[in-house]
Amino acid sequence: MTTLILCNIGNSDLKADGNRPKLPRPEGEQLWHTFEDHTFALPIVTPCLDHVLQEVGQIDRIVLFYTDQPTTPQTTAPDRYGVSLRDKDTLWYAQIAARLLRERFNSQIGAIDMRRVERSTGQMINPSLYDEAFDAYSDLVTHTYTPGASCYVLMAGGIPACNVALQIQALSAYGERCRFIYQPEGGTPYDLRVGDQIQATFRRATAIEALGRRDFATALRSVSEVKNPDAALIALLRYACYREAFDFARARTALAEGTRQASGELRTFLASLQSDLLVLDARTDTGALLREVYASAQITFGNGRYADFLGRVFRFQEAALRHIVETRLGIPTDMGKPARATNLPRYLQMIAENLALKTHLDGQQIDDKPLIYDKGPNRPTMSAMLKFLTDGGTRADGRPYLEKKDKDKFGQVRDRLNAMNNLTELRNQSIIAHGFAGVSREELDAVYKGNAAGIMADMGRVMEMIGMGKAASPFDRIAEVAADVLRGAIR
């Protein structure tokens, strides 16, 4: 693997004849032109390179970053010690250092490059300002990037703003392949764990940002990559991922593990989630399942997972119809293996006992063919049952199922659910059904009244009009608690 060294050359990095020059730029220039007359030392850089060479044997490339500011009123103004910013520039130190390193290490070092601290456009910066340094080192690290390299950053004598910027940008570019070498005064060099600490900060920030979008998979991956992650937090995020995927059995397992690992406020919260899972895992409460589909649809839409979202739209449509049929007509809709033997005969019996409903269903057609409803409550059948309700359908004893105010409301529900049928062709041609057509925000906009956000709005209105209210998504609280754990607000 290629070994790369990144090093800021600072005011403390050069000794000439046993002393540190007081004015790096003017004295450095004089020293460079009288190089042979002096004895030089790099008291920080050289020991660090020895340390790296003991480990890798060969350094392929060294990049020395130096400052060289233009002459301006700001750079030539003296500080409280009478030294201007420009007099502190290290361009001559870098030239001396490059020559010393070549003479000292010879073939143990490959290329030695020198880079002025500036933007890639050539725009100069104030190297003492952290934000300007951060921008400059973003460009510098990008333009010196060595694919596949093992990168060592020398914590040498550079300006604090430049050192911090170099550390962060190098870590961003090289990740786990980036290490930081520190030379204590009078001691021997050693690795700092600052890379792990900064990386953990990056990952924690990434996880918190992902939780803001309810992107639990990204949050879980980021937290899992931190050294010694919080086991209870990992379990909570796994629980959220499984729950969003409707894998309630594994969600229960993750929740149980998290409850074992947690303590205090977090344990109490984890325990409080258990009751939701018991209801959802039974898969008999149509209201609970409908809320869950709606909550997961919000997540997929908000994160731009449009194919996944499209699948949930149709699942929502069916779940809403199921809920209406069960709560308003009292007809069972669960035809899963455990329930089918009981529910199918009951379903057929209730239709047969209500002549008005049976006559309505017998009169419905799809593509000029009679509606097939005797196999169970499919989506067209339940849609026809909703139409029966909104058309003033009556019970077997002649009483209407809906009052006038409810009939108008459920008519709007039917209109919104039917509007979702406009997405059928897109769904059928997509990867979640029978084809490979793309599902993008633009496609959804084109198909759904020019605004895909209207799909979520219609789903929300359906929830309200069938009596589900505006209940907060359970995933909101899960994300808030997980973020509080990461911030240290919950321990």
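Predicted model: local features only at pLDDT ≥ 70, side-chain atom pairs only at ≥ 80, totals over all residues.

Biologist: Which residues of helix H16 are buried?

Modeller: Buried means under 20% relative accessible area. In H16, which spans residues 355–362, Leu357, His360 and Leu361 are buried. These residues cover an arc of only 95° around the axis, so they lie on the same side of H16.

Biologist: What covers the buried residues of H16?

Modeller: The cover includes helix H15 (337–353) and helix H17 (379–390).

Biologist: What does a side-chain oxygen of Asn354 reach at the start of H16?

Modeller: That oxygen comes to within 3.2 Å of the backbone nitrogen of Ala356.

Biologist: Now the surface. Which residues make the nonpolar patch of about 370 Å²?

Modeller: The patch is formed by Ile431, Ile432 and Phe436. Of these, Phe436 sits in the loop that runs between helix H19 (424–428) and helix H20 (441–447).

Biologist: Why does Phe436 count as exposed?

Modeller: Exposed means over 50% relative accessible area. Phe436 counts as exposed because its relative accessibility is 78%.

Biologist: And where does Glu29 lie?

Modeller: Glu29 belongs to helix H1, residues 24–33. With a relative accessible area of 35%, Glu29 is partly exposed. Leaving out residues up to four places away in sequence, Glu29 touches Pro24 and Trp92.

Biologist: What separation do the C-alpha atoms of Glu29 and Ala437 have?

Modeller: They are 66 Å apart, and the two residues are 408 residues apart along the chain.

Methods: Residues numbered from 1 in each chain as written. Heavy atoms only, no water. Buried < 20%, exposed > 50% of the residue type's maximum accessible area, 1.4 Å probe, protein only. Helix = DSSP H or I, 4+ residues; strand = E, 2+ residues; numbered from the N terminus. Arc of directions from axis to C-beta. Contact = heavy atoms within 4.5 Å. Polar contact = N/O pair within 3.5 Å; in protein donor to acceptor, adjacent residues only side chain to side chain. Patch = residues over 30% accessible without salt bridge, like charges linked within 9 Å, V, L, I, M, F, W, Y side chains within 5 Å. Areas by Shrake-Rupley, 256 points an atom, 1.4 Å probe, with all protein chains shown as cover. Salt bridge = Lys/Arg side-chain N within 4 Å of Asp/Glu carboxyl O.
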